[in-house]
Amino acid sequence: MVQGRCSAMAATVLLILLSLHIESARSATFTVGGNGGWTFNAAGWTKGKRFRAGDTLVFNYNPSIHNVVAVNRAGYAACKAPKGAKVLSSGKDQIKLRKGQNFFICNFIGHCQAGMKIAVVAA
């Protein structure tokens, strides 16, 4: 009887690990802007791409002249980071997408207005 319970528990653990592996295998990594990286006129970069919740966006850029800020729709439209927004500035930032709309801007003066912003919808 004990051996049967152990086998069932081992099978359950195996199924959980397998499902986690399959889920992580489905997520993709995208380099924002492709080879050019996170720079001006990035707004059109998302066209033709399909994103899912859990996918990772990699923002490569020169941190002395750019940054990345996750914003809401209003912040995206106005090119303005809301108070308390987390500003990323490593030059190699990685952000996991959440389900729904995800908005990112560079908040250096004039950069967002010059197209350094993206809106990503993750299924």
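The model described here is predicted, with local features needing pLDDT of at least 70 and side-chain atom pairs counting only at pLDDT 80 or more, while totals for chains, interfaces and linings use all residues. Residues are numbered from 1 along each chain as its sequence is written, and side-chain values use heavy atoms, with hydrogens and water left out.

Three strands, in the order E1-E2-E5, make up an open sheet whose pairing is mixed. Its edge strands, each of which pairs on one side only, are E1 and strand E5 (92-96). From one strand to the next the twist averages 20 degrees, where axes are lines fitted to C-alpha atoms and angles run from 0 to 180 degrees between N-to-C directions. E1 and E2 run parallel and are joined by three bridges, and Thr29 stands opposite Thr56 in E2.

Another open sheet has four strands in the order E4-E3-E6-E7, and here the pairing is antiparallel. Strand E4 (87-88) and E7 are the edge strands, each pairing on one side only. Strand E3 (residues 68-71) and strand E6 (residues 100-105) run antiparallel and are joined by three bridges; Ala70 has Phe104 as its bridge partner in E6.

## The nonpolar cores

A nonpolar core is a set of buried Ala, Val, Leu, Ile, Met, Phe, Trp, Tyr and Cys residues joined through side-chain atoms within 4.5 Å; buried means under 20% relative accessible area, exposed over 50%, and partly exposed in between, with a 1.4 Å probe and protein chains only. The largest such core has 19 residues, and those with the most contacts inside it include Trp38, Phe59, Phe104 and Ile118. Strand E2 (56-60) and strand E7 (117-122) are the elements that give two or more residues to this core, and E7 provides the largest share, three residues. A second, separate core has seven residues, among them Tyr76, Cys79, Ile105 and Cys112.

Which residues surround Phe59? Taking contact to mean heavy atoms within 4.5 Å, and leaving aside neighbours within four places in sequence, Phe59 touches Val32, Trp38, Val68, Gly91, Lys92, Asp93, Ile95, Phe104 and Ile118. Phe59 is buried, with a relative accessible area of 0%, and Trp38, at 1% relative accessibility, also counts as buried.

## Rings that meet

Rings of Phe, Tyr and Trp (its six-membered ring) pair if their centres lie within 6.5 Å, and planes under 30 degrees apart count as stacked, over 60 as edge-to-face and the rest as tilted. The structure holds six aromatic pairs, including the two in this table.

| Pair | Centre to centre | Angle between planes | Class |
|---|---|---|---|
| Phe30 and Trp45 | 6.5 Å | 80 degrees | edge-to-face |
| Trp38 and Phe59 | 5.1 Å | 90 degrees | edge-to-face |

Phe30 lies in strand E1 (residues 29-31) and Trp45 in the loop between E1 and E2, so that the pair links parts of the chain 15 residues apart; both residues are buried. Trp38 lies in the loop between E1 and E2 and Phe59 in strand E2, so their pair ties together parts that are 21 residues apart in sequence. Phe30, Trp45 and Phe51 form one aromatic cluster.

A charge can also sit over a ring, if NZ of Lys or CZ of Arg is within 6 Å of the ring centre and within 35 degrees of the ring normal. The charged end of Lys117 is placed in this way over the ring of Tyr76, 4.4 Å from its centre.

Technical notes
Pairing = 2+ DSSP bridges.
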